[in-house]
Amino acid sequence: MRSLAFLALTVSLALRSAPLIAQPAPAPTPATGLALARVASGRSDPLFVTAPVGDARLFVVEQAGRIRIVKAGRVLPTPFLDLTDRLRAGGEQGLLSIAFHPRYAANGFLYVNYTDRGGDTRVERYSVGRDSDRADPTSAKLVITVEQPFANHNGGLVMFGPDGMLYVGMGDGGSGGDPYGHGQNRATLLGKMLRLDVDRGDPYAVPPDNPFVGRAGMRGEIWAYGLRNPWRFCFDPPTGLLYIADVGQNLWEEIDVARADRAGLDYGWNVLEGDHCFRSRDCDRSKRVAPVVEYGHDDGCSVTGGFVYRGRRMPTLVGHYFYADYCRGWIRSFKYDGGAVSGHREWRGIGPGQVTSFGQDGAGEIYVCSSDGTVHRLAPARPPARGAR
């Protein structure tokens, strides 16, 4: 009988060598049973929600430059961190995300991604102060800065992966159509997913297993390339998968899924938009990651990526990845297993408005940020009262 270790190795190798071509996703079917439970309102353009693992508080990122804490059901009057004097906000610029170090309880480190007054991307590290509800604004340490040629397509998400590395989503630099060809150019950090080791080096070290380390004319920080504007991405540790929602150009929005440990993947931009040739009728798809879900601009205009649900309040939805469209305001979910999408649903009757971002708390529950300043938690819908029609 083969050992469990041998079987695990076999499965791992099969996953690593799986083809990049995904099976077409089924169209979403209407679904009910989901509700939005309001947790905060009156926020200034909330763009992200997160918390350290196991922490009962909720940290809300506001585009103008403040991070607010929701604690015991109320928004604390003093911001956790205020960076309004350091950045430019508006459009696609501003304070875009926060990530807590995996050992935050011990070291108190948190990382933010914002566009500075010149419009360039800055990732900085801060430390929590003596008051656990306040970060120390004088503790700023620059991790990395990336020059932005235009005001849009900044990416903006920082997130720690299951491997303890800090991942940074970078857009192609903006304008339209990637005029400088950043997506496919591995000499630039634009249009990429970066992977940094912030526990070694000063301010970071390039992990030696990054795919382009030591290759002439290529940046070692790059983990993946061919991205247009990966506004939101997420890891799902139980399955070892990385989900990237890449905002499209004029025709197609896409969601890509790949093994989180597969290095050097090309997601296609600007050769492809979704699974379609962008500038030419003839383009090479053979070595590029195909989206697992895509939809055209007759169905929306800008994908907002979310998270795989791993909470306890909705056990029937465990393993479902949630996403939305900013223009249409719908919320959908699907499961991805064995290289195929299943259970693709569009949730009716919840009306979140323009969804700017999703978030996840310390217990794995999922939140929805809307442009009207509200933050909701996804929750099971209450059954109708007896006798109601």
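In which order do the 4 strands of the open sheet sit? The legends below start there.

**View 1. An open sheet runs in the order β16-β17-β18-β22.** This is a predicted model, where local features need pLDDT of at least 70 and side-chain atom pairs count only at pLDDT 80 or more, while totals for chains, interfaces and linings use all residues. Residues are numbered from 1 along each chain as its sequence is written, and side-chain values use heavy atoms, with hydrogens and water left out. The 4 strands pair in antiparallel fashion; strands (E, at least two residues) are DSSP runs, numbered from the N terminus, and two of them pair if DSSP finds at least two bridges between them. β16 (232-236) and β22 (293-296) each have a single partner strand, so one side of each lacks a neighbour in the sheet. From one strand to the next, the twist averages 10 degrees, taken between axes that are lines fitted to C-alpha atoms, with angles running from 0 to 180 degrees between N-to-C directions.

View 2. Follow Phe233 across and you land on Ile244, its bridge partner in β17. Ile244 also turns up in the lining of the second largest cavity.

**View 3. The second largest cavity holds about 30 Å³ of space.** A cavity here is a set of points on a 1 Å grid over the protein atoms alone where a 1.4 Å probe fits but cannot get out, and lining residues have an atom within 4 Å of a point. Points are joined across faces, edges and corners, and the volume is the space filled by probe spheres set on them. Trp223, Ala224, Leu242, Ile244, Ala258, Arg259, Arg262, Leu265 and Tyr267 make up the lining. The elements giving two or more residues to this lining are β15 (222-225), β17 (241-246) and β18. By class, there are 7 nonpolar, no polar and 2 charged residues; Ala, Val, Leu, Ile, Met, Phe, Trp, Tyr, Cys and Pro count as nonpolar, Asp, Glu, Lys and Arg as charged, and the others, Gly among them, as polar.

**View 4. The largest cavity has a volume of about 50 Å³.** The structure holds 2 cavities of 30 Å³ or more. Residues lining the largest one include Arg228, Asp246, Trp252, Glu254, Trp269 and Glu273. β18 (252-259) and β20 (272-273) are the elements that give two or more residues to the lining. The lining divides into 4 nonpolar, 3 polar and 4 charged residues.

**View 5. Arg43 and Glu62 form a salt bridge.** That term means a side-chain nitrogen of Lys or Arg within 4 Å of a carboxyl oxygen of Asp or Glu, and the structure holds 20 of them. In this pair the closest N and O atoms are 3.0 Å apart. Arg43 sits in the loop between β2 (34-40) and β3 (46-50), and Glu62 in strand β4 (residues 58-62), 19 residues apart. Glu62 is buried, at 2% relative accessible area; buried means under 20%, exposed over 50% and partly exposed in between (1.4 Å probe, protein chains only).

View 6. Arg200 is exposed at 52%, whereas Asp197 is buried at 6%. Elsewhere, salt bridges with shared partners tie Asp55, Arg57, Lys71 and Asp133 into one network.

Technical notes. 1 Å grid on protein atoms, 1.4 Å probe; cavity = no way out; pocket = protein on both sides within 12 Å on 5 of 7 lines; lining within 4 Å.
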